[in-house]
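Biologist: Could you walk me through this model, one question at a time?

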Amino acid sequence: MTRQKGRPRFLRRHHSQPRTPQRLQGSQSGHQVSPLLPNSYYTPRPSFSPRGSFHNNEEHDSTLQTWHRSSSPAPRRLGDTTFRYQDLDPRRKEIRLLRILPEITSIIRCELFHHSLDNRSPYIAISYAWGDTEDTRIIILNGHEFVVTESLMLAFQRLRSKSAPVIVWADAICINQGNTEERNQQVQTMTRIYRQAIEVAIWLGPEADNSNMALELLLELYRHKSSKTNILAIIQSPNRRDSFTALVALFDREYWGRLWVVQEVLNGNKKTVYCGSSSLPWNISISASGRTYPGQLSCGGPSVLHDLREDGASCGWLDVLLYHQEKNCTEPRDRLYGLYGILPEHECSQFSVDYNKPVREVYIDVVDYLLTTTRRLDVICASINFPVHQNTHGMPSWCPDWSQRRRILPIGYRFSGFSASGALEPKATFSGKRRILNVAAIFLDTITSCGIPLNPPICKGALLMAFFEWREKLKEVQGFNQADDEAFHEAFCRTLSCGQLPDEYTPKDWLEWTYRTFALGLLGRYPHLKLDPHLMSFVQSFVPLSLGQQKQTLSENFTNAMTGRCFATTRNGHLCLGSGALQVEDIVCVPLGCSTPIILRRRGDGFTFIGDIYVDGYMGGKAIDDCNKGWLKVETFAIH
C-alpha cells in the first residue's frame, strides 16, 4: 500500500506543559479549552505493561541505551534504516503496533511490537496524508534511526505524552513497506485495524492559514445547528469572512483528497480531527461542514468522505469506484485496494490483494466480475476516454483506467432512469486473453456532425459559447428549418440536459426557459455577439431573468450534462450528446444489457470504445422496439 498521504470540551489545545485552561483566541462562543493531559480521553494508555501483555517478537534493542546512528550526512530516503522487521504470523492475525515513548527530548522514540487482533487491546489508528516523500525526518525505532515523512513525525509529536507511552498504528511503520507479501495481507486487514481502534486520529497537519479559527467556526456552526436563523446570521456576518477564508484553506488540505483516508475514517468508531494544537470530534466536523456556505464548502473537507452505505442504496464496486474517482493515490492498484474497507464483505472476498499482479489484470478482473455478477454492461461506460490520456498500462479501450482521475461521470450513473436496452441481459464474451470484448449490440446510426467538446473544468463563458456553437450545428441536420421546426428545438434543449427536464416543465416550456437563459447569458457576457432572430425572440417575448436565476439554471440543469461532452448529429437526424472524444464517422449502437447507447470507432478488424452517449428518443428502449419491428438489427462488435 502506498499513499502520499458542564461546559463543552469539544475543542482542545495541546501545550508542551500542563497549564490552566484558557479561552481560544478569537473564540465567539465562550468555550473553554483544556490542555492535553496524560489522562485525556483521546490518549489511550493501557493499564498494563505493553511489553508484558502484548505478544512481542519484534527485535528489541535497548532503545534508551543503544542508538544505531547513520554516518551519512546526505538526506535520508524512506526505507533507509538498519532496522529489520520480524515476520508477522497471519494465523494469529498479527499486526504491529507502535509504542511512542514519553517526551524526554525533542527526538521521537518508539518501540515496535507484534499484537494479535484477537486480543482487544487499546490503540490509536492514525489517518494522515503521507505528504512529500522527499521531506523526511528521523525517529528512533527500537534503537535504530528510522526515516519517516515530516507529516507522520508531526502526528507523533501531537499525540505524544510527557508522562506515559501512547500506543498507535501507522501504516508507514507498522507495515513492512518493502515486503510485498506482507502488504498484500495487511491491506486486507486494515478494515479491522481501524474498526478495533479506540480512536482514529485524523491528522490534518500543523497549524496554518488560521486553521484554529476554522475549527472554532465549525464548533460554533455545530452549536447553532438547530437554528437556521443563527446559521444564516453567522454566514452573512462581515466579521466572519476571515473565518470562512480559513475554513476554505482547511478544507483544501491534502488530507481530504487522499484515497486511503476514505476507508480509514468510515470504518472508525470514535474519530477526532487534529490540526496543530487543536482538536475537534469528527461528529462536530462532519455536521458543521454540511452547513457552511458558499456552496463549494459543503463539497469539501469532511463532506467528501460521505459513506454511501448510509444512503440505503446498493454500494458495490462500480458505485464506490465512481464516487471516489477524483481521490489521489500513487499506486494504481490502490484505486481498488484502498476501497476494500467500504465494500460489502461478499464483494471483497472475490478479490485478493496482490501487488505483483499487473495493473491491467487487476482492472480487467473488476470488469469481468461485474459483467458476470450484475448481468449488466454499464461498467464499460466508466471507461472515460476524454480528455485523452496516455494508456500507460496497456488497457483495452473498454476497461476503465481507474488510475486516471476523472471529473466526468457516465451519464447512466450521473442520471437515473435510462434503459436503452430495456430489460435484456448482455451477450458479451472475452477473447484474446481478455483483451477483446465481443458485445452484441443494436446498430443505431453514424455520426455526421459534431461540435466543439466542452473540456473540464468549465466556466460560465465556456458553457455559453458551447451552446452557441452547438446550436449552429442544428442547421446541418437535413430538412431542419430554423424558425418553424419547434420539435427540433425541443429535442435540442432536451439533449443539452440529457433529458433531465424538471417535472413541472412541458417540452415547450423547457425550450422557452432554456433558450431564454442561454440567450440572456450570451448577451450579458458578449454584448457584441449577433444572435439570430429566432433566438432573440425568446429574450424579447419573456420577462428577463436575473443573473442569479441564470446561474442557478445553468448550474442545476446543464453543467453536469454538458461537461466533458459535445453535441453531435447523425446521418438519420438524431440529436446526441456524447463523449468529447467522438468524431465524424463514429458509430452509435445500443449494447444489450446496457442502460445507455455507446460510441464505437472502427479500428482494423474491430472497434475502439469511445464512450457513452445520450441519443434523444432512444434512452428508454426504443431501439429494442425498432429491432422487433425489423427496422434495426443486432450485430456483434469486437471491441479492443
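Modeller: Helices (H or I, at least four residues) and strands (E, at least two) are DSSP runs, numbered from the N terminus. This is a predicted model, in which local features need pLDDT of at least 70, side-chain atom pairs count only at pLDDT 80 or more, and totals for chains, interfaces and linings use all residues. Residues are numbered from 1 along each chain as its sequence is written, and side-chain values use heavy atoms, with hydrogens and water left out.

Biologist: Is R375 buried, partly exposed or exposed?

Modeller: R375 lies in the loop between α14 and α15. Its phi is near 55°, a positive value in a residue other than glycine. Buried means under 20% relative accessible area, exposed over 50% and partly exposed in between (1.4 Å probe, protein chains only). At 34% relative accessibility, R375 therefore counts as partly exposed.

Biologist: What about C498: what is its relative accessible area?

Modeller: C498 is in the loop between α17 and α18. Its phi, near 50°, is positive in a residue other than glycine. C498 is buried, and its relative accessible area is 0%.

Biologist: How are the axes of α17 and α18 oriented relative to each other, roughly parallel or roughly perpendicular?

Modeller: Axes are lines fitted to C-alpha atoms, for helices over the stretch in contact, and angles run from 0 to 180 degrees between N-to-C directions. Angles under 35 degrees count as roughly parallel, over 145 as roughly antiparallel, 65 to 115 as roughly perpendicular and the rest as oblique. The axes of α17 (residues 486-496) and α18 (residues 507-525) come within 9 Å and cross at roughly 70°. That makes the two helices roughly perpendicular.

Biologist: How many charged residues are in the contact of α17 with α18?

Modeller: With contact meaning heavy atoms within 4.5 Å, E486, H489, E490, F492, C493, R494 and L496 in α17 meet P507, K508, W510, L511, T514, Y515 and F518 in α18. Ala, Val, Leu, Ile, Met, Phe, Trp, Tyr, Cys and Pro count as nonpolar, Asp, Glu, Lys and Arg as charged, and the others, Gly among them, as polar. The residues of this contact divide into 8 nonpolar and 2 polar, and the number charged is 4.

Biologist: For the contact of α6 with α10, how many residues are polar?

Modeller: Helix α6 (residues 211-223) and helix α10 (residues 282-289) pack with their axes 8 Å apart, at an angle of about 80°, and that makes them roughly perpendicular. L218, L219, L221 and Y222 in α6 meet N283, I284, S285, S287, A288 and S289 in α10. By class, the contact has no charged residues and 6 nonpolar ones, and the polar count is 4.

Biologist: Now the rings: how far apart in sequence are the parts that W169 and Y194 tie together?

Modeller: Rings of Phe, Tyr and Trp (its six-membered ring) pair if their centres lie within 6.5 Å; planes under 30 degrees apart count as stacked, over 60 as edge-to-face and the rest as tilted. By this rule the model has 23 aromatic pairs. The centres of W169 and Y194 are 5.7 Å apart and their planes stand at 80°, so this pair is edge-to-face. W169 lies in strand β9 (residues 166-169) and Y194 in helix α5 (residues 190-196), so the parts tied together are apart in sequence by 25 residues.

Biologist: Which helix holds F538, the partner of Y515?

Modeller: Y515 and F538 form an edge-to-face pair, 5.2 Å centre to centre with 90° between the planes. Y515 is buried at a relative accessible area of 0%, and F538 counts as buried at 8%. Y515 lies in α18, so the pair ties this helix to the one that holds F538, α19 (residues 533-540).

Biologist: Last one: which residues does V590 contact, leaving aside its neighbours within four places in sequence?

Modeller: V590 lies in strand β17 (residues 587-591) and is buried, with a relative accessible area of 0%. Beyond those neighbours, its contacts are A420, S421, A441, I442, L444, P597 and A623.
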